[in-house]
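Please take a look at the sequence and the model before reading on.

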Amino acid sequence: MGAERGGSFLIFGSAAEDRMKFDSDLDVVVDFPADLESEALEFVEDACRRQDLPADIHLKSRSSERFLERIRGHMVQMP
């Protein structure tokens, strides 16, 4: 859904650093054009729900530069 629609999913935290445990959640920044943000957010929610995986989802458009800078070196971009 990502690259072909002009966006990406930025995974950070324990999943990006290969240290997930039984109680970890999936930390994701949704980086999509404004008109596709809701659809992309729902895509992540649905995918996590199907895997019974808690998610902490952020929209890049609503995230502070401070937050994005803090995680920048610890992200994996998913197309």
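Two strands pair if DSSP finds at least two bridges between them. Helices (H or I, at least four residues) and strands (E, at least two) are DSSP runs, numbered from the N terminus. This is a predicted model, in which local features need pLDDT of at least 70 and side-chain atom pairs count only at pLDDT 80 or more, while totals for chains, interfaces and linings use all residues. Residues are numbered from 1 along each chain as its sequence is written, and side-chain values use heavy atoms, with hydrogens and water left out.

**The sheet**

- Four strands form an open sheet in the order E3-E2-E1-E4, and their pairing is mixed.
- At the edges lie strand E3 (55–59) and strand E4 (76–78), each of which pairs on one side only.
- From one strand to the next, the twist averages 25° (axes are lines fitted to C-alpha atoms, for helices over the stretch in contact, and angles run from 0 to 180 degrees between N-to-C directions).
- Strand E2 (residues 26–31) runs parallel to E3, and 5 bridges join the two.
- Within this pair, Val30 stands opposite Leu59 in E3.

**The helix on the sheet**

- Helix H2 (residues 65–72) packs on the sheet and touches strand E1 (8–12), E2 and E3, where contact means heavy atoms within 4.5 Å.
- The direction of H2 makes about 120° with that of E2.

**Ser24**

- The loop between E1 and E2 holds Ser24.
- Ser24 counts as buried because its relative accessibility is 13% (buried means under 20% relative accessible area, exposed over 50%, partly exposed in between, with a 1.4 Å probe and protein chains only).
- Leaving aside neighbours within four places in sequence, Ser24 is in contact with Ser14, Arg19, Leu53 and Pro54.
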